[in-house]
Amino acid sequence: MTSILPEIARRLSPRTAFSETAMERARDAVIDTLGCMIAGAGDPAVQAVAGAFGNELSNGGDCWLVIGGAAPSSLAALVNGTAAHALDFDDNFHPARAHASAVLVPALLAVVGAGRVVSGRHFLEAYLTGLEAQAAVGFGVNPSHYNRGWHGTSTVGTIGAAAGVTRLLGADIEQTAQAMSLATSMACGPKGQFGTPAKPLHAGISARNAVEAARLALAGSSGRLDILERPQGFLDLFGGDEPRGWADWHPEDTHVIETRGLVTKRHPCCASTHRAIDALLDLKHEHGLTPDDILRIETKVGLSAVRNLVYRDPENGMQARFSMYYCLATALVNDGLNLKDFEPPALHRPQTKALMGRIEMTSYTAEEERGHERLPHLITVTLKNGSVLRHERLHAKGSREDALDEDQRRRKFADCLEWGGYGANDGLYDRLLALPSISSMNEALPSM
């Protein structure tokens, strides 16, 4: 078998035929990510990065920064990537088990500098290449890799994003494969950091590493092209208990953004909570449930979800995003979740706290999960009158199967801009809708 990295590069890098649907979905992902970046710019995790590199930031650069000003490419990717993931409102990409766009969009923006004209279409093509590369790398190791405890955003995301960056930089197939090889040596990030500022930092580090791996490859640096599959390589060390490898991998004619899609988040919290939240909200709306009606809520979720959601009684907003108990209770009380629900005052609402004590979470066993790419998340609500209501969700709201409509995407973007203090009502969303046809990405980026 040919080494997999050159094969991925050979099949994906030259691709120029993308359907209108693929381009539109890529555009929507970029818009959603920019909104999340603007909303997250003031988060303490982002401000810590800015503070750590204050001297370098003061020297400027030619790459756009969501916190204002400009910076060198690596630092811009680090700051913007951290901002994109700071509020956990950015999209998910199941084939990679990663927050794909929070890595890809900042990494690509970091090589769109002053004096370098990149059209909107070229940018979106690079995004689609990076996304497909993430899916290809994830094919060989997931879900085993993710279940072992690796944060796919900063492992698979790094390697795949490097392919997108090299496309934007005009690399050839060999250079693309080498960039992905070098990125493999930078891939790291344990899920044990969930619920801390290190988690969004993973996305920033991943974006920075993708940029640096691409630049190094174009400058002549190199690694082993069989590093994914060889002994002491990525699959061997990171694959988990049951990785399948790449022997059966082949790209489809239809792009993965069409066949699998992204999950555009409806709720600003860990995706491991979303299907249970949506199932509970479905029951609430169908039966007119109130917290006073409920004796007990039980949810059964995937094994990795239980491992991700470790905070029974969260102490801060970051932990609350990884608390099934807090997210379910808040969603039922407030008929949904918004960014304000993760501010300190919200954590101590008496009605929410009382309901949290009536929620229990269990998981499928490893044996139950074996052979299934995913299983539905289940909700059982026992009412005080003795009635028992059950519902399940295989897909969250915002997935390809239950997509947000145009109005919902637009409202989410507006909420993000308001949260980030972007006061100008200057039609930014509508300008970004024209991304596939704009002549320069620099024209599309907002002034911060």
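Start with the cysteines: there are 0 disulfides here, and keep in mind that you are looking at a predicted model. Select cysteine 270, which is in no disulfide; its nearest cysteine sulfur belongs to cysteine 269 and lies 7.4 Å away. Is cysteine 270 buried or exposed? It counts as buried, at 4% relative accessibility. Now hop over to cysteine 63, which is buried too, with a relative accessible area of 3%.

Next, select helix H7, residues 120-141, and pick out glutamine 134 in it. This glutamine 134 is buried because its relative accessibility is 0%, under the 20% cut-off. Show what is around glutamine 134: beyond its neighbours within four places in sequence, its contacts include Phe93, Ala100, Leu104, Val156 and Gly160.

Ala100 and Leu104 take you to the next stop, as both are among the buried residues of H6. Select that helix, residues 100-109: 10 of its 10 residues are buried.

Last, the sheet. Look for an open sheet of 4 strands in the order E4-E3-E5-E6, with mixed pairing. At the edges sit E4 (359-363) and E6 (388-393), each pairing on one side only. Neighbouring strands are turned by 15° against each other on average, direction ignored. Zoom in on E5 (residues 377-383), which pairs with E6 in the antiparallel sense over 6 bridges. There, threonine 382 stands opposite valine 388 of E6.

Definitions and conventions
Residues numbered from 1 in each chain as written. Predicted model: local features only at pLDDT ≥ 70, side-chain atom pairs only at ≥ 80, totals over all residues. Heavy atoms only, no water. Disulfide = S-S within 2.5 Å. Buried < 20%, exposed > 50% of the residue type's maximum accessible area, 1.4 Å probe, protein only. Helix = DSSP H or I, 4+ residues; strand = E, 2+ residues; numbered from the N terminus. Contact = heavy atoms within 4.5 Å. Pairing = 2+ DSSP bridges. Axes fitted to C-alpha atoms, helices over the stretch in contact; angles between N-to-C directions.
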